[in-house]
Amino acid sequence: MDSSIFSAALVRGLTDKIYDKRKAAALEIERLVKENTKAPERITEIVDVLVQEFVYSNNPNARYGGLIGLAASAIALGPGIAQYLDSIIPPILSCFSNQDQKVRYYACESMYNIAKVAKGEVLRFFNSIFDALCKLSADSEVTVKSGAELLDRLIKDIVSELSTTYVSPHQVPLNPVEAGQETLTIPASLPRNTAFSLPRFIPLLSKRIYVLNSSARQFLVSWIAVLDSIPDLELVSFLPEFLDGLLNCLNDPSSDIRVSVGVLLSDFLVEIQQAASVRDQQLCDQRARHVLHQIKQKEQENRAHKADKADKEDSDRPGSTSSLVSLPEGEESAEKENDGHGKGTYVPGQGVIVQYGKIIEILLPHLSSEEEDIQRTALQWINEFIIIAKDIVIQYTPKIIRAVLPCLAHPVNVIRVYALETNQCLQKLVLETTIAHLKPEMRREDGSSTPHTLSEGEEGMPEESPITASHPTDTSCSSKVSGDPFDYQATVANLRLQFLNEHEETRVASLEWLLMLHKKAPNKVLASDDGTFPALLKTLSDTSEEVVRRDLQLLAQISFHSDHEYFKSFMNNLLLLFSTDRRLLETRGSLIIRQLCMSLDPERIYCTIADILESDEANKDLEFASIMVQQLNIILITSSELSDLRKRLRNLDNKDNQHLFIVLYKSWCHNAVATFSLCLLSQVYEHAATMLQVFAEMEITVSMLVQIDKLVQLLESPVFTYLRLQLLEPDKYPYLYKCLYGILMLLPQSSAFSTLRNRLSSVSSLGFLHMMPKNPPVTTDTPKRQVIKASISSSSKQAEEPVIRFNDLLQHFKNVQSRHERQRRQGIYIYIHI
């Protein structure tokens, strides 16, 4: 086709370099189009010539003329331009990406004039126009950006006014999904036959939202704000499609963009809260109507039953009455008004689909973002979702914990406060959640956040309703396979990973979580051998004392709810840890044992450890057994947590107390000084004095002298006050003097020697020492000890009483010490330094 339909003068005018001449030629085209308004074929020819011969021309001036000519044609056609837009708009859009800045500017000018005339019809090309404007918003030329901004404002006005109402006769109704696009979850109230299609636009927005240019980001944010301000579009229902990119905009260098995005996200969060409030209110109303319906149905059934009874008595009346009851007409109409379909009074949040599961999945990576604004916003949203979507958040608890706990030590105070609040709310949610409460939710399999727990009287309530059916399916959590919305194993695994975190606050919080979870469901937290127990043991070597205390509290809690075999295994592993990490034993051994004694029965702990140390497996490392007994003995004597245990050892009249003494004694034999101090603590002075004679046959090492020195210091402590007072009764406790003087003879000239000598001298100076008989009879020992003599009386009464066989114990002591002596001589002690 050639340009013969235009005069030569008109062609020269359209291709002239001077703008005024091109404008005059455009006015001539406008007159020509008006003359042929009743000849569509003629107008089509004019448009085709302008496009092919001018807009697509290689001559820049011809392009300028073609663009202004198309605009003049649109103005001349007025509302009748609708049928020609398919030929006019695509060529203009192609000029938006032209290298010539003037072509791009004139294309914006031409599109502005066409859109001003076409109004709602231009919405058929909204996606293409939006894509072109998005690129022009980052244009380097100021004139082009100004022209694009002018066109952008006009398109926004058209969308705001006509997007939900204008239906084009030139477009297929019920806008189909374009090829290659995923099917979106669309609210029922969203118009589907309008020229503007939000479902078709969202995929384009989800691609463009990841742009990095600040101007383009500002353009996108402004459009999202405009679309969100249109009530019937319900843009928040499509939030998961562009939320990730929108959050990324918070790291933009421009403070204006960050503020705009922050305000926009706050508006979305408010809309979600409104939707949740409306949902809860509708659910309450629905339940109330259901209960009322049940009451009325029962009343009608009762009346029908009475009528049946009366019919049986009166044979003349018809004898059957239908028991089917329909909903009263008034209630049916009310049900229809509130089913979420149709138009009515606008309520903010009504009919909105909030895809909580998808939104949470998008927020999770941003909880660990390096950008403070992104991380703070993600924490804020998660914190709000814990309140309004509990049954959805509970499914993502393992992933949320993994991201939130490291934030507890964040250097920024605002983020740290949000993380702390989120952690506390999440703990409260898990603590209050019961499986029985959430099982109905899992049976629904719709992933909505609408509570659906029914009482016994609501069993007949329909499983699906307009409220619950509006929520999308969410099957992302593996916990649904087991029917439990809260995945204990995944949570424990993620908490276990936090033990390696460098921040103390995070490690403490992870242990607090484990404490809470174990208290709530002990069988599920340690349901399998998943490595949690070894990790807890390894955490005992943590540098933080607070972490070690919480770890011990958890281990004690686990042991308290376990059987004896599990507890014995725990003690065995603990001793194994001490044997391989001697530094831990030296620095934290006392703290660990004392904390366990605070939470558990001290007798159970001591007896179990004593049994393990006495076993053949533990005797392979006699040096460790000696060191461990020494530590346990010092704790036994000095710790306030073991005061009751010390009282029991001082009173051996009871059979259980005697058993306790025997168990400890056999294990304490690995350390001679500890065994001697145990006898002093238990007031078995005669046996202690006999042990001193065995000391004379042993090799007195430096380590042994140091331990005796510490024992002398302990004798001056409040724990042995009773022993010092017994020195005032030499006739009653004669062997006590032999014990103390024996220790004095073992000590070299040292401060401990002087301390003990001064103590004994103070007693002798009072004149008590000469009262001690030179050869005290056996019966002069403490009356309470007569039942525990090494020799057993032949009388039947004493034979029935429990006794401590001191001769056997002494022989056991000699055997154990001889094994230590052999190992020292052979030089096969095992030294392990970590």
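E234 sits in the loop between α10 (214–228) and α11 (243–248); helices here are DSSP runs of H or I with at least four residues, numbered from the N terminus. A quick note before going on: this is a predicted model, where local features need pLDDT of at least 70, side-chain atom pairs count only at pLDDT 80 or more, and totals for chains, interfaces and linings use all residues. Residues are numbered from 1 along each chain as its sequence is written, and side-chain values use heavy atoms, with hydrogens and water left out.

Most residues other than glycine have a negative phi.

| Residue | Phi | Relative accessible area |
|---|---|---|
| E234 | near 50 degrees | 9% |
| Q683 | near 60 degrees | 12% |

Q683 has its place in the loop between α31 (672–681) and α32 (685–697). E234 is buried, and Q683 is buried too; buried means under 20% relative accessible area, exposed over 50%, and partly exposed in between, using a 1.4 Å probe and protein chains only.

Now for E545, which belongs to helix α24 (residues 545–560). E545 is partly exposed, at 40% relative accessible area. Its side chain makes a polar contact of 2.7 Å with that of R549; such a contact is a pair of N or O atoms within 3.5 Å, where within protein one must be able to donate a hydrogen and the other to accept it, and residues adjacent in sequence count only if both atoms are side-chain atoms.

What does E545 contact, leaving aside neighbours within four places in sequence? The partners are R588 and L591, with contact meaning heavy atoms within 4.5 Å. E545 and R588 are 43 residues apart in sequence, yet their C-alpha atoms lie 8.8 Å apart in space.

Key: Helices (H or I, at least four residues) and strands (E, at least two) are DSSP runs, numbered from the N terminus.
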